[in-house]
Amino acid sequence: MPEYLTSPSAPAASGPAGAAVPAARPSPGTSGPVVGFDLDMTLIDSRPGIGAAYRVLAAETGVPIDVDLVVSRLGPPLETELAAWYPADQVPDVAARYRELYPGTAITPSLALPGAAEALKAVRAHGGRSLVVTAKYEEHARLHLDHLGLRADLVVGGLWAEAKGVALREQGASVYVGDHLGDVRGARAAGAFSVAVATGGCTPAELRDAGADVVLAGLAEFPAWLTEFAG
């Protein structure tokens, strides 16, 4: 069962020091909720694909990379992870090569997480709009969604943690769904209700402690929660 930390009908938010953050403005022309979703380990299980891309990268560069460790901590930007394996002056070139490899190695092996399609459909059923706001390179995010037949109204890439809040606020998002502590921070920065899903590398306790308003086991629980939230 979902564990509600605050009433789902009252999406209050607070800043880093606990100060109240104004709610995001409504999205013009939208009668229902505007809901943002993270991508990796929220909508999709990209671990097989990312792992494949890193293995090719490691073979090409001759740098040993613990791929299992990499895919256990997805969320932060690519350059942050690469900095753990390459000298700082090499990271930009290695990141560019990774992005060249990505479409041919990472898209096909990655899978939709249970409930992903239903979660996006639930937003539409309530007359709302769905956004995908992710740290992933935007072109790659679109390739994943197209390959898996997941339909979102807007895709914004290259944003992490509090920077996600800028896009969410601009679009009038009232809810942001993610699996990482950085996603909780992004929701709080936007004044949006933070829905955490325990499908990534962060535990439910870590997500609650970071300030998530509700923690769900996965997106399969999201449609019922949204119905209550929007009620």
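Predicted model: local features only at pLDDT ≥ 70, side-chain atom pairs only at ≥ 80, totals over all residues.

Student: What percentage of the 231 residues count as buried?
Tutor: Buried means under 20% relative accessible area, exposed means over 50%, and partly exposed lies in between (1.4 Å probe, protein chains only). Of the 231 residues of the protein, the share that counts as buried is 48%.

Student: What share of the contacts with a separation of 6 or more comes from residues 24 or more positions apart?
Tutor: A contact means heavy atoms within 4.5 Å. Among contacts in the protein with a separation of 6 or more, residues 24 or more positions apart account for 65%.

Student: How are H1 and H4 oriented to each other?
Tutor: Axes are lines fitted to C-alpha atoms, for helices over the stretch in contact, and angles run from 0 to 180 degrees between N-to-C directions. The axes of H1 (residues 47-61) and H4 (residues 91-105) come within 9 Å and cross at roughly 130 degrees. Angles under 35 degrees count as roughly parallel, over 145 as roughly antiparallel, 65 to 115 as roughly perpendicular and the rest as oblique. H1 and H4 are therefore oblique.

Student: Which classes of residue make up the contact of H1 with H4?
Tutor: On the H1 side the contact includes Gly49, Ile50 and Leu57, and on the H4 side Val94, Arg97 and Leu101 are among the residues. Ala, Val, Leu, Ile, Met, Phe, Trp, Tyr, Cys and Pro count as nonpolar, Asp, Glu, Lys and Arg as charged, and the others, Gly among them, as polar. The residues of this contact of H1 with H4 divide into two charged, two polar and 10 nonpolar.

Student: H4 also packs with H6; how are H4 and H6 oriented to each other?
Tutor: Their axes are 11 Å apart, and H4 and H6 pack at an angle of about 10 degrees. H4 and H6 are therefore roughly parallel.

Student: Which residues of H6 make the contact with H4?
Tutor: From H4, the contact uses Arg99, Tyr102 and Pro103. By class, the contact of H4 with H6 has three nonpolar, two polar and one charged residues. The H6 partners are His140, Leu143 and His144.

Student: Is His140 buried or exposed?
Tutor: His140 sits in helix H6 (residues 138-148). Not counting residues up to four places away in sequence, His140 touches Arg99, Tyr102, Pro103 and Ile107. His140 has 3% relative accessibility, so His140 counts as buried.

Student: Where on H10 do its buried residues lie?
Tutor: The buried residues of H10 are Phe222, Trp225, Leu226 and Phe229. They cover an arc of only 100 degrees around the axis, where the arc is that of the directions from the helix axis to the C-beta atoms. That arc puts them on the same side of H10.

Student: What is the relative accessible area of Asp38?
Tutor: Asp38 lies in the loop between strand S2 (34-37) and strand S3 (44-45). Among the residues Asp38 touches are Leu43, Lys164 and Tyr176. Asp38 is buried, with a relative accessible area of 6%.

Student: What is phi of Met41?
Tutor: Met41 is found in the loop between S2 and S3, and Met41 is buried, with a relative accessible area of 4%. Its phi is a positive value in a residue other than glycine, near 65 degrees.

How values were computed:
Residues numbered from 1 in each chain as written. Heavy atoms only, no water. Helix = DSSP H or I, 4+ residues; strand = E, 2+ residues; numbered from the N terminus.
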